[in-house]
Amino acid sequence: MSNLFPELQPAARVLLGPGPSNIHPRVMKAMLSPVVGHLDPDFLRIMDDIKQMLRAVFQTTNEITFPVSGTGSAGMETAIANLVEEGDEVVVGVNGAFGERVADAAGRMGAKVLRVDAEWGRIVEPERLEAALKAARRPKLLVAVHAETSTGVYQPVAELGAIAHRYGALFVMDAVTSLGCVPVEIDQWAVDACYSCTQKGIGAPPGLAPVTFSERARHGARTRKSKCRSWYFDLVGIEHYWGADRAYHHTAPITMNYALYEALRIVLEEGLEARFTRHRENSKALKAGVEAMGLELAAQEGHRLPQLTAVRVPNGISEGKVRSELLRLFNTEIGAGLGPFKGKVWRIGLMGESSRRGNAMLVLNALETILGAEGMEIPRGAALAAADRAYNGA
């Protein structure tokens, strides 16, 4: 019967969307390593090294730092499920699809969600978040999305931990699209719980969600009045597996942890500052080239992510057709818009292994070619010339 189904032969794409990003050959090679048991001594040593490397990338000394078995959304559920109880007041900054997701998740856990909404494409002003905390009766959490993937907005978060603590709340941060691309300083910013993913800035396949919890958050999870509503994501149970006890909790995805291990090695070999600089330089060139074509950026000026750029679709241009032509002619994927941005923006990701000069030039040349064929008047070579000037510091 197997002859009824073809052998797997997915195309090797250039992944320049909002995730996943391309993967280093070393990470793919790591995934070919022999599968062992989830309590095998070799795997336990790998787990210890993963925790140590994650602490370095999160820039924290938190003992509770490990990858949840699941995608970035599993990391979100882990943070919310462990820290929220029925009736807790949770202040959430909402300026895109992933702020909406946090608000929804907190509500499902029984929280009284206090939304602080901002227009898609703009930041949530920190003073408005503080005002919401001040107006709350007894706020439990303040939650902010550091890098809003749906809009390309770079949310200021450095002061939010101190603000949250001023009102007796814990600060939870979504770093799904920021970890490994831009600074994420958990201890310096007084972040109590943070979650991310593996398939973007870290450079591994999707399937794990790195999380970290401060001692303050850990204490909150341990002293809750009611059991965590999620058995799978209950921190008290998981930490016995990832901690010194090594008690069975679930069968960890061995091969995915191999991938994460090698991806983290690559991140630390490059060095965080060098990695952040690489993302900034490629972003600067991409944005210069996009604007040279007469296209507009969707995110608020001064608050634009280096790793994810939202570009407004010009009038008269089919958003979907351009993406299809990119895939057909240039073997390159970029992302569509979500929510109010559906059909109105393209999302171009230069993150992790995909954040390369060649990829920035590739997508600019491709867009210039396709948009020109669609009737836009673009001076030939303008985008690449502008990008080149940006790389040369002009």
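The following questions and answers cover a sheet, a helix, some backbone angles and an aromatic cluster in a predicted model.

Me: What is the strand order of the open sheet of three strands?
Reply: Helices (H or I, at least four residues) and strands (E, at least two) are DSSP runs, numbered from the N terminus. Two strands pair if DSSP finds at least two bridges between them. Five bridges join β11 to β14, and two join β13 to β14. Pairing is antiparallel, and the order is β11-β14-β13.

Me: Which strands stand at the edges of this sheet?
Reply: Strands of a sheet pair through backbone hydrogen bonds, either parallel or antiparallel. Two strands here have a single partner strand each, so one side of each is left without a neighbour in the sheet. These edge strands are β11 (308–312) and β13 (335–336).

Me: How many of the residues of β14 are buried?
Reply: Buried means under 20% relative accessible area, exposed over 50%, and partly exposed in between (1.4 Å probe, protein chains only). On one side of β14 Val345, Arg347 and Gly349 are buried, and on the other Trp346 and Ile348. The count of buried residues is five of five.

Me: At what angle to β14 does helix α11 run?
Reply: Axes are lines fitted to C-alpha atoms, for helices over the stretch in contact, and angles run from 0 to 180 degrees between N-to-C directions. Helix α11 (residues 319–330) lies across β13 and β14. Its angle to β14 is about 30 degrees.

Me: How far apart are the end C-alpha atoms of helix α12?
Reply: The expected span of a helix is 1.5 Å times one less than its number of residues. For the 17 residues of α12 (residues 357–373) this should be 24 Å. The end C-alpha atoms agree with that, being apart by 25 Å.

Me: Which elements do the buried residues of α12 pack against?
Reply: The buried residues include Met361, Val363, Leu364, Leu367, Ile370 and Leu371. Contact means heavy atoms within 4.5 Å. The packing partners are β1 (14–15), α10 (272–292), α11, β14 and α13 (382–391).

Me: Which backbone nitrogen lies 2.9 Å from a polar atom of the side chain of glutamate 368?
Reply: Glutamate 368 lies in helix α12 and is buried, with a relative accessible area of 3%. Its contacts beyond four places in sequence include Met293, Ile378, Pro379 and Arg380. The side chain of glutamate 368 also reaches the backbone nitrogen of alanine 383 at 3.2 Å. The nitrogen at 2.9 Å is that of glycine 381.

Me: Where is the cis peptide bond that has an omega of about 5 degrees?
Reply: Most residues other than glycine have a negative phi, and most peptide bonds are trans. Proline 20 is found in the loop between β1 and α1 (25–30). The cis bond joins glycine 19 and proline 20.

Me: What is the relative accessible area of alanine 190?
Reply: Alanine 190 is not a glycine, yet has a positive phi of about 55 degrees. Its place is in the loop between β8 (170–174) and β9 (193–195). Alanine 190 is partly exposed, at 26%.

Me: Which residues form one aromatic cluster?
Reply: Rings of Phe, Tyr and Trp (its six-membered ring) pair if their centres lie within 6.5 Å; planes under 30 degrees apart count as stacked, over 60 as edge-to-face and the rest as tilted. Phenylalanine 66 and tryptophan 242 are stacked, 5.9 Å centre to centre with 20 degrees between the planes. Tyrosine 241 and tryptophan 242 have centres 6.1 Å apart and planes at 70 degrees, so that pair is edge-to-face. The cluster is Phe66, Tyr241 and Trp242.

Terms used. Residues are numbered from 1 along each chain as its sequence is written. This is a predicted model: local features need pLDDT of at least 70, side-chain atom pairs count only at pLDDT 80 or more; totals for chains, interfaces and linings use all residues. Side-chain values use heavy atoms; hydrogens and water are left out. A polar contact is a pair of N or O atoms within 3.5 Å; within protein, one must be able to donate a hydrogen and the other to accept it, and residues adjacent in sequence count only if both atoms are side-chain atoms.
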